[in-house]
Amino acid sequence: MYILNITTNIANNIEPKWLHWMQNTFIPAILATKKFNKALLTQVQIEEEMGGVTYSTQYFANGKTEIEAFYKEDQNELLSKHTQFKGMYVDFSTELKVINQFFENAN
């Protein structure tokens, strides 16, 4: 399993609108590509010197080929929808390879 992690710092004044858009438009659009089987949206618990609110969005794929296909086939079109927030956020992406998963033993 692979994870495409996108960390985004969004300006305070636009954060509620961005968060609503992410949950109701952007994340569903990425999942609709069928390259990822689930997504996890988290708020990073850090106070940034530059201000804003930081989020981490993780998109789970079965393999690296799905992430590469997303970059080739879908990324540019989907990112063009982000222009409404241009200049109000900074972000970076990280690809993660899952080595193992651990769960609490439920007895």
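**Salt bridges and a buried glutamate in a predicted model**

Lysine 35 has a relative accessible area of 13% and is buried (buried is under 20%, exposed over 50% and partly exposed in between, with a 1.4 Å probe and protein chains only). Lys35, Glu73 and Asp74 are linked in a network of salt bridges (a salt bridge is a side-chain nitrogen of Lys or Arg within 4 Å of a carboxyl oxygen of Asp or Glu). This is a predicted model, in which local features need pLDDT of at least 70 and side-chain atom pairs count only at pLDDT 80 or more, while totals for chains, interfaces and linings use all residues. Residues are numbered from 1 along each chain as its sequence is written, and side-chain values use heavy atoms, with hydrogens and water left out.

**Overall build**

- The chain has three helices and four strands, taken as DSSP runs numbered from the N terminus (helices H or I, at least four residues; strands E, at least two).
- In sequence order these elements follow the pattern β-α-β-β-α-α-β.
- The C-alpha trace spans about 45 × 40 × 20 Å along its principal axes.
- Of the 107 residues in the chain, 36% count as buried.
- Among contacts with a separation of 6 or more, 76% are between residues 24 or more positions apart (contact means heavy atoms within 4.5 Å).

**Charge**

- There are 9 positive and 12 negative side chains in the chain, with Lys and Arg counted as positive, Asp and Glu as negative, and His and the chain ends not counted.
- The centres of the two sets lie 9 Å apart, each charge being placed at NZ of Lys, CZ of Arg, CG of Asp or CD of Glu.
- The structure holds three salt bridges.

- Glutamate 73 and lysine 35 form a salt bridge through their side chains, at 3.0 Å from N to O.
- Glutamate 73 lies in helix H2 (residues 64-73) and lysine 35 in the loop between H1 and strand S2 (38-43), so this pair ties together parts that are 38 residues apart in sequence.
- Glutamate 73 is exposed, at a relative accessible area of 52%.
- Lysine 35 also forms a salt bridge with aspartate 74, where the closest N and O atoms are 2.8 Å apart.
- Aspartate 74 sits in the loop between H2 and helix H3 (75-80), and this pair links distant parts of the chain, 39 residues apart.
- Aspartate 74 counts as buried, at 16% relative accessibility.

**Lysine 64 and glutamate 95**

- Lysine 64 and glutamate 95 form a salt bridge, with the closest N and O atoms 2.5 Å apart.
- The pair links distant parts of the chain, with lysine 64 in helix H2 and glutamate 95 in strand S4 (residues 89-97), 31 residues apart.
- Lysine 64 is partly exposed, with a relative accessible area of 35%, and glutamate 95 is partly exposed at 33%.

**Glutamate 15**

- Glutamate 15 lies in helix H1 (residues 15-31).
- Glutamate 15 is buried yet has no salt bridge, and the nearest side chain of opposite charge, lysine 17, is 13 Å away.
- The side chain of glutamate 15 makes a polar contact with that of tyrosine 55, at 2.3 Å (a pair of N or O atoms within 3.5 Å; within protein, one must be able to donate a hydrogen and the other to accept it, and residues adjacent in sequence count only if both atoms are side-chain atoms).
- Leaving out residues up to four places away in sequence, glutamate 15 touches Ile10, Val53 and Tyr55.
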